[in-house]
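Visitor: I am new to this structure and would be grateful for a close look at one part of it. Please begin with a single contact and then set it in its surroundings.

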Amino acid sequence: MTLPTRHDALAAPDSAACAAALEVATAYCTPALLNHSVRSYAWASAYAADRGIEHDAELLYVAALLHDIGLVPEFDSHTVAFDEAGGHVAWVFGAGAGWPAERRKRLSEVIVRHMWDSVDVREDPEGHLLERATGVDISGRNADDFTAGFRAEVLARYPREGLAEEFLACFRDQAARKPESSPAAAVRGGLAERILATPHPLER
C-alpha cells in the first residue's frame with residue numbers, strides 16, 4: 001500500500017466514491033463544517049505518512065467527509081447521537097456506492113469511533129487516524145504533530161470559517177436534546193474552553 005506524502009495529504013484519493021462524498025458534504029454541510037471535514041482528512045493523511053501507518057485512503061477520506069453529517073438538519077436524529085446517525089447515513093452512502101456490506105460496516109464504525117477517547121491503531125487504523133485528526137482540528141489536541149508551515153498551508157487552503165462557535169452551538173444543542181450522547185459528555189468535559197482558546201493551537 002502506498003503511503004501519502006505531505007503534498008498528497010491535501011489531495012483527495014482519486015475514486016468515484018471520494019468524489020461523491022465531497023459532493024454530498026458540499027451539498028449539506030456549512031462552509032465551516034465542510035472545511036473541517038476536508039482538513040480532518042489532511043491531518044489524518046499527513047500523520048499516517050509521517051508514521052508509516054498503512055490505511056485505506058478511500059475509506060478514510062469518505063469517513064472524514066461524512067463524519068459530521070449527523071449534525072446537519074437534514075440528517076439530525078432525535079433518537080441517537082450525531083456520530084451514530086452519521087454512521088447510518090454513511091452505511092446508506094456505501095450501499096449507493098456499490099460497496100460490499102463489510103466495507104459499509106467499516107465506514108460506519110470509523111465514523112462512530114471518531115468520538116471515542118482513543119482508537120487502537122492496530123485494530124482500526126482508519127478509526128485511529130480520524131479520531132486523532134478531528135481532535136487536532138476541533139480542540140488543537142496534538143497540533144504539534146505538524147510543523148507550523150504545514151498547519152498554515154492547510155488553514156490557508158481550507159480556513160476555519162468560524163468553526164469553533166458553530167461547532168460548539170451544534171454540540172450544545174445535541175447535549176440538550178440527548179444528554180447521554182457523546183456531545184453531551186464533550187460539553188461536560190470542557191469542550192467550550194478548549195475550542196474557544198485564542199489563538200487556536202493550530203494557529204500558533
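Which residues in H2 meet which residues in H8?

Guide: In H2, Ala32, Leu33, His36 and Arg39 meet Leu163, Glu166 and Phe167 in H8, where contact means heavy atoms within 4.5 Å. The model is a predicted one, in which local features need pLDDT of at least 70 and side-chain atom pairs count only at pLDDT 80 or more, whereas totals for chains, interfaces and linings use all residues. Residues are numbered from 1 along each chain as its sequence is written, and side-chain values use heavy atoms, with hydrogens and water left out.

The helices named here are DSSP runs (H or I, at least four residues; strands are E, at least two), numbered from the N terminus. By class, the contact of H2 with H8 has four nonpolar, one polar and two charged residues. In this scheme Ala, Val, Leu, Ile, Met, Phe, Trp, Tyr, Cys and Pro are nonpolar, Asp, Glu, Lys and Arg are charged, and the others, Gly among them, are polar.

The axes of H2 and H8 come within 9 Å and cross at roughly 100°, which makes H2 roughly perpendicular to H8. An axis is a line fitted to C-alpha atoms, for helices over the stretch in contact, and angles run from 0 to 180 degrees between N-to-C directions. Angles under 35 degrees count as roughly parallel, over 145 as roughly antiparallel, 65 to 115 as roughly perpendicular and the rest as oblique.

H2 also has a contact with H3. The axes of H2 (residues 31-51) and H3 (residues 57-66) come within 8 Å and cross at roughly 150°; the two helices are therefore roughly antiparallel to each other. From H2, Leu34, Ser37, Val38, Tyr41, Ala44 and Ser45 take part, and they meet Ala57, Leu60, Tyr61, Ala64 and Leu65 of H3. Nine residues of this contact are nonpolar, two are polar and none is charged.

H2 and H6 each supply at least two residues of the lining of the largest cavity, with H6 giving the most, four residues. On a 1 Å grid over the protein atoms alone, a cavity is a set of points where a 1.4 Å probe fits but cannot get out, and a pocket is an open set with protein on both sides within 12 Å along at least five of seven lines; lining residues have an atom within 4 Å of a point. The volume of the largest cavity is about 40 Å³, a volume being the space filled by probe spheres set on the points, which are joined across faces, edges and corners. The count comes to one cavity of 30 Å³ or more.

Of its 21 lining residues, the closest to the centre are Met115, Arg141, Ala186, Leu191 and Arg194. Two or more lining residues come from each of H6 (125-139), H8 (163-177), H9 (182-188) and H10 (191-195), and the largest share, five residues, comes from H6. The lining has eight nonpolar, eight polar and five charged residues.

Two details of the backbone complete the picture. In the loop between H6 and H7 (148-157) stands Asn142, which has a positive phi of about 65° although it is not a glycine. In the segment after H10 lies Pro199, and the peptide bond from Thr198 to Pro199 is cis, with omega near -5°.
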